[in-house]
Amino acid sequence: MIISTFKRVWKILPSHYKVSSVFLLIGVFVSSVTEIIGIASILPLLATVLKSELIEQNEILNSLFAFFSFETKNQFIVWMSIAILTFIVAKNIFGLWVQRKLVWFTWNLHETLALKILSIAYQRGFLYFSGNNSNTILNHVQTVPIQFSGQLIRYVFQFISECFILLLVVLSLLFYDPYILLLLAGIVLPLNVIFYRLVKHRIGYYGTRLNELQPLISRPVFEVIFGYVDVVINHIFGAFQDKFRDRLREAKHIRVNMLTLQNIPQRIIETSVIISVLIMILYGIFQLKEVEKIVAMMSVLGLAAYRCIPSVNRILLAMVEIRNQQFSIDIIEEFLEDKEVKSQNELLPFTKKFHIQDITFSYPDAPRPIIKQFSLEIRKGESVGIMGKSGSGKTTLMNIMLGFITPASGSIIIDGKPLNSNTKAEWQKKCGYVRQDVFLADGSVKDNVAFGVHPDDIDEEKLKEVIEKAQLTELASSLPDGIETNIGERGAKISGGQRQRVGIARALYHGAEILFFDEATSALDYQTEKEITEAIRELHLQKLTMVIIAHRESTLKYCDKIISL
């Protein structure tokens, strides 16, 4: 399982991250080795202090004493202490540097994956975004890359590094006294292997379920925020509160269980080592019977346990967390199966006409096509109205015209060139879209008209021109800070008609040559609808090409032709 996970992680990593990860792993390993050396260096110092003749007896210490021409034992101990302190400071600085590089690596990887998943999700198109809950999409784009890079990758590094360190300790014990190694391994390993086998499937379930709960927890909150009026009027806040509470409680129980499981390995290891120590003491008393040998053996066992306990604990914790974050690999792999499409943006002039030829489209699992062999010709500067009952395919037809949906058959021709993956981007640049519920960001009128444009790049003259064309001048003059006034999230501080006019101004600012209205006036009162209709008339007089979906024929009175579906 672990090896398989490592292979999948390696496959997900972009090429330059693979190279960086190798160097980073070497750094982590070196840092861990210096930790062992730092701990072990204290032993000869203590031995030299406690046993004065050790310098003469030990070949290495004696050589150092002679090489540096020390005069007294105390002088040698002082310089040994300074050398050890210098090494420990140096290895701590190096360790901090490695940790900083590891943090940079994980967050850079998060940024790369999040941007890539967002790009792939965007390329999946209209049906993907309309067919999936926004909280789920947000979770996949933002949370999953954090879990993968900030949790799983970090524990992969920890697992590999600690395995190297444990291997060094094991080889050292094997060289010094294989019986101590066999004793430790015989007690520690079976208990921990049994533990991991018992809980690994439960841990995997906890991780997957917690990821599923993330968007479900936030959904009732968003529904209360955006449906506040309906929630209040219908007295249903309690139902949303109950949903929110139930999901929070389930997540709470999962997190408590996960934290408990994460803490079990340390307790098992400590218990295992204590059992080993007790066995060694009894063995020393009844077999060795020499205090000096018992002390030497216990010192080696103590040092090995001191370093082995954290290593084994970290390895088990890493295995638990890697299993826990397995879902992030599944989701990222599912996205990366879709290759980012690099289409060629061909020029697409629109000077003559826009022609729909025999298009047919049906939604997945629908019993029959919602549009079948439909044709329509729209000339440059012409206004076309589309009417029909709910479910007749009006909005679907408009989404096909906009390039959001690809028809099953038929084609769309603009000035003799087909609408396809290479021409779609250029076509959509020429399109403006004003729907019934215009999307408005939490910002000013100016921000929403020049939507997506950096404040320093906004063309003030163009902004003023489109505000006049969309008949927003009166609104701008009535606001405290003019067009710089914040209009709230989703335009909460302005009326429905004003939101529609902001949508029109936005389309014009971005250079729309053909303007699509999707039920833009259906939710408005008579007077506001009349004002929007007058704005449409002004645009019609300016020979702007328009396609207007409406329920009321009065909204379409300035159209050159009306199509009934």
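Of the 565 residues of the chain, 42% count as buried, where buried means under 20% relative accessible area, exposed over 50% and partly exposed in between, with a 1.4 Å probe and protein chains only. The model is predicted: local features need pLDDT of at least 70, side-chain atom pairs count only at pLDDT 80 or more, and totals for chains, interfaces and linings use all residues. Residues are numbered from 1 along each chain as its sequence is written, and side-chain values use heavy atoms, with hydrogens and water left out.

**Exercise 1. Describe the chain as a whole.**

Solution. Begin with secondary structure: the chain has 20 helices and 9 strands. These elements are DSSP runs numbered from the N terminus, helices being H or I with at least four residues and strands E with at least two. Next, consider the contacts, defined as heavy atoms within 4.5 Å. Among contacts between residues at least 6 apart in sequence, 78% join residues at least 24 apart. Finally, the accessible surface is about 31,100 Å², and carbon and sulfur atoms account for 60% of this area.

**Exercise 2. Classify the packing of α6 against α13.**

Solution. Step one is the geometry: α6 (residues 73-124) and α13 (residues 326-336) pack at about 50°, with axes 10 Å apart. Axes are lines fitted to C-alpha atoms, for helices over the stretch in contact, and angles run from 0 to 180 degrees between N-to-C directions. The angle makes α6 oblique to α13; under 35 degrees counts as roughly parallel, over 145 as roughly antiparallel, 65 to 115 as roughly perpendicular and the rest as oblique. Step two is the hand: α6 passes α13 in a left-handed crossing. A crossing is left-handed if the near helix is turned anticlockwise from the far one by less than a right angle, and right-handed if clockwise. Step three is the contact itself: Leu-113, Lys-116, Ile-117, Ile-120, Ala-121 and Arg-124 of α6 meet Ile-332, Glu-334, Phe-335 and Leu-336 of α13. By class, these residues comprise 7 nonpolar, no polar and 3 charged. Here Ala, Val, Leu, Ile, Met, Phe, Trp, Tyr, Cys and Pro count as nonpolar, Asp, Glu, Lys and Arg as charged, and the others, Gly among them, as polar.

**Exercise 3. Classify the crossing of α2 with α6.**

Solution. The axes of α2 (residues 15-40) and α6 come within 9 Å and cross at roughly 155°. The two helices are therefore roughly antiparallel. Their crossing is left-handed, and the contact has 12 nonpolar, 10 polar and 3 charged residues.

**Exercise 4. Is Gln-325 buried or exposed, and which residues does Gln-325 touch?**

Solution. First locate the residue: Gln-325 is in the loop between α12 (291-324) and α13. Its relative accessibility is 3%, so Gln-325 counts as buried. Leaving aside residues up to four places away in sequence, Gln-325 touches Gln-147, Gln-151 and Leu-152.

Methods: Accessible areas come from the Shrake-Rupley method with a 1.4 Å probe; for residues, only the protein chains shown count as cover.
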